[in-house]
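Hi there,

Here is the structure I promised to pass on to you.

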Amino acid sequence: MKPVYFDNNATTQVAAEVLDVMLPYFLEFYGNPSSMHTFGGQVGQKIRLAREQVALLLGALPEEIVFTSCGTESDNSAIRSALTTRPEKRHIVISRVEHPAIRALCSHLSLQGYKITELPVDKNGNLDLENLEKNLTPDTAIVSLMWGNNETGVLFPVEAAARMAHEKGILFHTDAVQATGKIPINMKNNVIDMLSISGHKLHAPKGIGVLYVRRGTKFSPFLIGGHQEKERRGGTENTPGIIGLGKACELAAQNMDKENSSVNRLRDKLERELLKKIPQSRVNGDIQNRLPNTTNISFEYVEGEAILLMMNELGICASSGSACTSGSLQPSHVLRAMGVPFTMAHGSIRFSLSVYNTEEEVDFVIEKMPAIIERLREMSPFWKESGQACRKQ
Amino acid sequence: MWEYTDKVKEHFLNPRNVGEIENPDGVAEVGSLACGDALKLTFKLDENKRIKDAKFKTFGCASAIASSSALTEIIKGMTVDEALKVSNQDIAQYLGGLPDEKMHCSVLGKQALEKAVENYRGAPAMEDGAKIICECFGVTDREIERAIRENNLATLEDVTNYTKAGGGCGGCHDAIAQIIERVKAEPKADTKPRLTNLQKIRMIEETIDREIRPSLRQDGGDVDIIDIIGNRVLVATRGACATCKAADITLKHFVEHRLRELVSPDITVEEVSK
């Protein structure tokens, strides 16, 4: 059974075109781009092309692209570089809804004496820029805010935030792992210093990422080794991954319109119909200001893991912000930061689509979900009670 | 992805005994929406005092639902004493094991079982009659009332500081305000006339005779008052209670609870050697 894959914020299918351009670099052109011989050196030319393809998608210069192994490495490199190049500054500003790659790093750094400010978000997951400004101090080394949230899709005004940071001489980094390829990004039109990308979120393979570093930004490498990536990232290049990511970025540029029209339309249809067919359900996150492919819906009085496993039986793939899916006792930090009641947070399901999803798949999920939720609600000791309570109000 | 056994999956997808028994002999609700795990268990006994039927309703993940299903299957046909010996490991074992992180789901089943048996032995069904007001932090009306009374709280902010209630989404702020008003309007706790020692002893004796003994005797048990020193009621357990492992639970949750309710909130019940 081919799965109905609505979990594209977790990872994506490698595009067939991407796989095609990668394959020759395993068996045939396996040379090391640093070698003096043509056999290796010719791979270097392909890496140059890939760097240009990535740069083109971002409106960046090729030299501003540093290939890494993943989004997490890019995030770590950016924060560490800011702290190393500004050793006198001990303060970092992030938000409460950042990806663990940033949050866990920052809590680690706080043990080493760095001061971390986690900015709150409102009930729709939006950030208050005035509050950001209030929290910028002469001691602040870097502000790191994600562009698009992985759980809700909510977008942060990172370009305005970057200007604000720059006015005070503070570096600005954004985790654009979810935003890249889904919304237009043009680094010529903003002052963001560093930006993280992960290949496998935009139909390239796992194990390849990018850190954009604006020309002129002081940079200190995280991985110290050979001269690769102009000494900004040691380690032999992942040549098939880099070449695949280049192609994926080219495809993403071509698909940008589709992403914002047909994918967006399918997401909206899925969301609208599920809310209509399933009582006591609601969307988490600002419905206007978000990525075109993501919807996070809470089904009250049922638990997310149980929903996911029932969906799994039908081959439908999605994610949940419930405590049980994380192995912790608390539901998603993103939903908690937004003040979503636990009753809603435990039953939250994230559907994230891609250009490979079809209308038939959306219709299938719309058809199947109501029965799943109803079945679990019939098992839930809270369901009847609350139904009555709601009628009373 | 959790590694669930086929048995867990099977019990999750086809749970046995979902529902609620009308007029059950024992009922219990454990966990809360806020915790992400909650279970309502009901059972009924046959004429031989064996569990004839058991049903559950569960809010929770796959393993919570499977554990509830397994529990109801296991205890059918058992006496309540036999059922009390079922451990959470027995529930997990029945399912071919649970992931470590999910063992708490089997503990929830065990707790529900214990509480349902307590209920059968006389503890009130909705102990505390508590209702969750703050769903974000799982705080009940009873907890809020108690915090207000004991600490003389006057504002919503006070309540949040003392109980966490209202500190999440804010959806319960009106409900908390109403509780504050309600508690403020209550007559002070000390309006009960103070009892002389003799009056108190007589009341304790009467309460035990009238309210407590009949239900203990139903189970073949009994208590005798050995002494009453101030608010300490020293008792000895008799009959089935003397050999029952759950006797201390019965003393605390049933005997002491009733005495506190009907005689004085300061009473403690202690078991002395038989």
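Leaving aside its neighbours within four places in sequence, which residues is Asp219(B) in contact with? They are Arg121(B) and Ala240(B); two residues are in contact if their C-beta atoms, placed from the backbone, lie within 7 Å.

Before going on, a word on conventions. This is a predicted model, in which local features need pLDDT of at least 70 and side-chain atom pairs count only at pLDDT 80 or more, while totals for chains, interfaces and linings use all residues. Residues are numbered from 1 along each chain as its sequence is written, and chains are lettered from A and ligands numbered from 1 in the order in which they are written.

Back to Asp219(B): you will find it in the loop between helix H9 (197–218) and strand S6 (221–229) of chain B. Helices (H or I, at least four residues) and strands (E, at least two) are DSSP runs, numbered from the N terminus. Asp219(B) counts as partly exposed because it has 18 C-beta neighbours inside 10 Å. A residue is buried if 20 or more other C-beta atoms, placed from the backbone, lie within 10 Å of its own, exposed if 12 or fewer, and partly exposed in between.

Still in chain B, helix H1 (residues 6–13) has Val8(B), His11(B) and Phe12(B) as its buried residues. They are on the same side of H1(B), because they cover an arc of only 105° around the axis, taken from the directions from the helix axis to the C-beta atoms. These buried residues pack against helix H10 (304–313) of chain A and helix H2 (62–75) of chain B.

Now to chain A, where four strands form an open antiparallel sheet in the order S9-S10-S13-S12. Strands S9 (281–283) and S12 (319–320) of chain A are at the edges with a single partner strand each, so one side of each has no neighbour in the sheet. Strands pair if DSSP finds at least two bridges between them; S10 (residues 294–299) and S13 (residues 348–352) of chain A have five bridges. Within that pair, Thr295(A) stands opposite Phe351(A).

Finally, the domain assignment, which is automatic or from a database, gives chain A domain 1 (4–9 + 257–392) and domain 2 (16–252).

Enjoy exploring!
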